[in-house]
Amino acid sequence: MKKICVFDTSYVTDNLGDQIIMESVMKHLRQMFPEGFFTGIPTHDYPSSISMAALKQSDFAFVGGTNMLSSHWLWYHQWKLRPTQLRHAGHPVLMGVGWHKYQGTPDWFTRKIYSVLLNRNVSHSVRDKYTFEKLRDAGIANVTYTGCPTMWDLTPEHVSSIPAKKSRNVFFTLTGYLKNPDSDREFVRRLEANYEKLFFWPQMYEDLAYLRAISQARYLVVEPSISGARNVFTGGDVDYVGMRLHCGVLALQAGVRSLILEVDNRATEIAKNTRLPTAKRDAFDQIEQWINKPSPVSLDIPTKDILAWKSQFIDSAGPR
């Protein structure tokens, strides 16, 4: 039985997208280590002495998804580790991790941190080719592009069952921390004009207040939980159109037609690599065309690379 620590991005955050990511991360880790004993370590808060002791005793430590890597550690590091903890953090392995925004070349200090922190003996998994190149720039050559773990089960058989034609109702999201009131107001108006019912899911705490501030549209608020979203998706006759990347992928997992509106580098880069259906947030004519024109889903998932990355841990004695 392997002792495995998982740097969990869904702790100490109100972003439900991290829960969507970690659900898939844990599903695939369970497949890789069916008898593994897992301990979660928060990434959004500095690890305690108890967490550090668990990392020291672990056979492997994995980092679950999200865009936590950056070019300038001293200026911004979403992954909370103190300099004194870097060599004792279990030599973690990245699993579907992405890069924080479009940035320049990683600086010397950041390159040094990644060289000390990250596992040198196995390949790391990243969710887009932009992150792949950034890590190579940082001196980390043992990297595999796998896409995001949330998309690993979106097989051709699965996506072929997703409806191509418009549904009667729409499930939508906004991004309250990246506001564009005029554009987002028009986006909601277009949804009202094209669908009978609107379902709004607040993926983060401030999203609902933002919607109420910019629009008088009639909508139903969906319980802010993954199960709440899934209940609407599985109820049938609903499309997803929204600014939350992983909610859109959750919709695809549930067999729901989905269009993700790009608000930063994450959806943009993943779409480049996988043909994930996306549009710019203010490309209203394109959005309406997608709504009303049949749009079959066809994804490019790097299945062979995913299997190769996962297979390196089979019968492994540990990362040291």
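Student: Before anything else, what are helices and strands here?
Tutor: They are DSSP runs, numbered from the N terminus: a helix is H or I with at least four residues, and a strand is E with at least two. The model you are looking at is predicted.

Student: OK. Where is Thr66 found?
Tutor: Thr66 sits in the loop between β3 and β4.

Student: Is Thr66 buried or exposed?
Tutor: Buried means under 20% relative accessible area. Thr66 has 5% relative accessibility, so Thr66 counts as buried.

Student: What does Thr66 touch?
Tutor: Leaving out residues up to four places away in sequence, Thr66 touches Thr9, Asp18, Ile21, Gln78, Gly96, Val97, Gly98 and Arg127. There is also a polar contact of 3.4 Å between the side chains of Thr66 and Asn67.

Student: New topic, the open sheet of six strands. What is the order there?
Tutor: Its order is β9-β8-β7-β10-β11-β12, again with parallel pairing.

Student: Which strands stand at the edges?
Tutor: β9 (220–221) and β12 (278–280) do. Each has a single partner strand, so one side of each is left without a neighbour in the sheet.

Student: How many bridges join β11 to β12?
Tutor: Three bridges join β12 to strand β11, residues 258–262, and the two strands run parallel. Glu262 has Lys280 in β12 as its bridge partner.

Student: What about β10, how many of its residues are buried?
Tutor: Five of its five residues are buried, so β10 is mostly covered. Both faces of β10 are covered: one side has Val238, Tyr240 and Gly242, the other has Asp239 and Val241, and all are buried.

Student: How many bridges join β7 to β10?
Tutor: Five, and β7 and β10 run parallel. The bridge partner of Thr173 in β10 is Gly242.

Student: And over how many bridges do β10 and β11 pair?
Tutor: Three, in the parallel sense. Here Val241 has Leu259 in β11 as its bridge partner.

Student: What unit do β10, helix α9 and β11 make?
Tutor: A right-handed β-α-β unit, in which helix α9 covers residues 245–253.

Student: Last one. Which strands does helix α6 lie across?
Tutor: Helix α6, residues 181–194, lies across β7 (169–173), β8 (198–200), β10 (238–242) and β11. Helix α6 runs at about 165° to β7.

Notes
Residues are numbered from 1 along each chain as its sequence is written. This is a predicted model: local features need pLDDT of at least 70, side-chain atom pairs count only at pLDDT 80 or more; totals for chains, interfaces and linings use all residues. Side-chain values use heavy atoms; hydrogens and water are left out. Buried means under 20% relative accessible area, exposed over 50%, partly exposed in between (1.4 Å probe, protein chains only). A polar contact is a pair of N or O atoms within 3.5 Å; within protein, one must be able to donate a hydrogen and the other to accept it, and residues adjacent in sequence count only if both atoms are side-chain atoms. Contact means heavy atoms within 4.5 Å. Two strands pair if DSSP finds at least two bridges between them. Axes are lines fitted to C-alpha atoms, for helices over the stretch in contact, and angles run from 0 to 180 degrees between N-to-C directions. A crossover is right-handed if, with the strands pointing away from the viewer, the path from the first strand over the helix to the second runs clockwise.
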